[in-house]
Each structure stands twice: as C-alpha cells, then as structure tokens.
Amino acid sequence: MAVVTRETSGVFAIAPTPFDDRGDIDYSSLGRLIDFYERTGVTGLTVLGQLGEAPKLSHTESVSVVSYVLGKTTLPVVVGVSAPGFAPMRSLAQEVMAAGAAGVMVAPPNTLRTDDQIVSYYQGAAAAVGPETPLVLQDYPLSFSVVMTPSVIARIARDIPSCVMLKHEDWPGLDKITTLRHLEANQDMPRLSILCGNGGLFLDFETERGADGAMTGYCFPELLVDVVARTAAGRREDSHDLFDAHLPLLRYEQQPGIGLAVRKYVFKRRGLLASDAQRAPSGVLSEHTRSEVDYLLERLARRDPRVVLVA
C-alpha cells in the first residue's frame, strides 16, 4: 500500500469508529462507511483519530479496526498512534505499519510548553515509530493546548526527515499556512504536505492559501472533495458557492462537546451507521438538537442533491 509523502494531496476522511448500542465495535457499519468513502472520491482515510474515539479503544481493538479497514480498501490509511508514552506508541505503530498503513499521526501531549520541548518530543516520537515510518504532525492547539509556531514546525521538518505531513488545525491559522509556504519557498524548511482539519470549517480559504487538501471528518466528505478539486481547477466561485451551502451544517457539527454526536447522527440518517452510539464519556444530543440537525439537513437537500436520508 502507498505511503504518504511530502507531496500528498487531496482529502483524507477521518472515519468515526462505529459502535452498537451495547458499545461493541460495529464492523458492518464500518464496512458501509469505507465503501461510502470510496464512492465519494476521497484520496485516503484516517482512523483512530481523536473523533475516532481512539482513547476509548483497547490496543487489541485498535489493531482490529485498522486491520479491518486495511483489508477492506486499497486507499492509503493514516493511523493515529498518539499515546501517553512512547512504548505503546511504538507498539501500535509497528503493528499497523506491518499491516500496510500509509503513515501514522501523532498529537502532542498537553504538557509541552517550550519550543525545545515540542521539537524534542517529536524527535522522540519519530524514533519510537521508526525512521522509515511516515509521520503526520498534528497541530491542534485548541484541543491539545500546545502552540506550534511556524518556526517550530520548520525545525521539526528540518530535523525529522520522516515527518512528511502537517495536519493543520490551528484557529485562526490561515496566515500560518501562508508563512509556512513562504518558509518553503525561501528554502528555510523542506516542503510538508498540509492537510487541514477543524471539520473543514475554513477549507475554502485554506486551499487558496496553499493547503494541499483536508484531513477531517465532516459528515459530507463529498463537499471536501469538491472544494479541493474546484480550487485546484481555478473554479473559485463554484467552490465558495458549494461551500456556503454546507456551511450552516458544517458549523453546527463543529461544536465542541457534541460535534462527534452530530456527525454520527448524520451518518445514521444517511444510512451508513446502524447506531449513533459513542462509548462513554460522550456527548449526547437532546431531542431539540436533533430536530435542528434535521432542519439543517432538509435545507441542505434543497441545494445539494446528494443529501439522501433515511428515516
């Protein structure tokens, strides 16, 4: 299976982990999700991310999920291997790469404060997963409370050859993308593939600033694929028009605490998940919230014919 590189572009959809109402992994729903992602034209998949409820899975379950996904698709698959220590990170990374993963993603622990601490941590993470393993740097200060400046990212890119991709989720972060691309143009850092998160909330302008695509889990990945493709083709107005149609639902899904619950509920409405259950602790949607999501879906269906729902 192909690995991710500094030139990787497109959309890597972050897949949620489906559970049944008892809390067991629902592999039937996971299979439907994978088939669906392939039909939408995504470039790759990411599993065991934060919104994949990775911390709620055992090591055995994590390996089982990755093995199932890799056996179901030929798309490149990035696996989240973040862990409190390097030993469990090393163990999971070795198993998933041996199974055919395209790379691993590592988020920083919230104990990091200085630039030197951040760089040192990623040097250790790269050594733990192995120098041949493509490493995705997850930059999400709103969640992890670790602020990575462009200069720190440039240091990591220079010092760690296996770090080939930045999952950019800083907010606001548009100027950060511009600064990184300027550093690359001036040969102050090697090129990194930049795929953006935050549910796609700023993807319309992130692609214009130089991002290579998205790595996120918005419940309509078709929108992400279209925005990336239309921007690349120079169809700016078309890209923004479609993005604007999805923006109310995208914004609603991005709410901290209930975002995954909204996403799983929509996937259930789309006939992909048998249950929108999460493992505890989890956010729960009130009936009022569900009715608002239904309203947004009904409005979106009038502007995007791909919105087909089941009861």
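Colleague: Which residues in α4 meet which residues in α6?

Modeller: This is a predicted model, in which local features need pLDDT of at least 70, side-chain atom pairs count only at pLDDT 80 or more, and totals for chains, interfaces and linings use all residues. Residues are numbered from 1 along each chain as its sequence is written, and side-chain values use heavy atoms, with hydrogens and water left out. Contact means heavy atoms within 4.5 Å. By that rule, Asp115, Asp116, Ile118, Val119, Tyr122 and Gln123 in α4 meet Val152, Arg155, Ile156 and Asp159 in α6. Sorted by class, this contact has 5 nonpolar, 1 polar and 4 charged residues (Ala, Val, Leu, Ile, Met, Phe, Trp, Tyr, Cys and Pro count as nonpolar; Asp, Glu, Lys and Arg as charged; the others, Gly among them, as polar).

Colleague: At what angle do α4 and α6 pack?

Modeller: Two packed helices are described by the angle between their axes and the distance between the axes. Axes are lines fitted to C-alpha atoms, for helices over the stretch in contact, and angles run from 0 to 180 degrees between N-to-C directions. Helix α4 (residues 115-129) packs with α6 at about 30°, the axes lying 10 Å apart. That makes α4 roughly parallel to α6 (angles under 35 degrees count as roughly parallel, over 145 as roughly antiparallel, 65 to 115 as roughly perpendicular and the rest as oblique).

Colleague: Is α6 parallel or oblique to α7?

Modeller: The axes of α6 (residues 150-159) and α7 (residues 174-185) come within 10 Å and cross at roughly 45°; the two helices are therefore oblique to each other. Here Pro150, Ile153 and Ala154 in α6 meet Lys176, Thr179, Leu180 and Leu183 in α7. This contact has 5 nonpolar, 1 polar and 1 charged residues.

Colleague: Which residues of α1 are buried?

Modeller: Buried means under 20% relative accessible area, exposed over 50%, and partly exposed in between (1.4 Å probe, protein chains only). In α1, the buried residues are Ser29, Leu30, Gly31, Leu33, Ile34, Phe36, Tyr37 and Thr40. They pack against β1 (10-14), β2 (44-47), α2 (59-72), α9 (221-232) and α11 (259-269).

Colleague: Is Gln254 buried or exposed?

Modeller: Gln254 is placed in the loop between α10 (236-253) and α11. Because its relative accessibility is 16%, Gln254 counts as buried. Not counting residues up to four places away in sequence, Gln254 touches Tyr140, Trp171, Asn198, Gly199 and Leu201.

Methods:
Helices (H or I, at least four residues) and strands (E, at least two) are DSSP runs, numbered from the N terminus.
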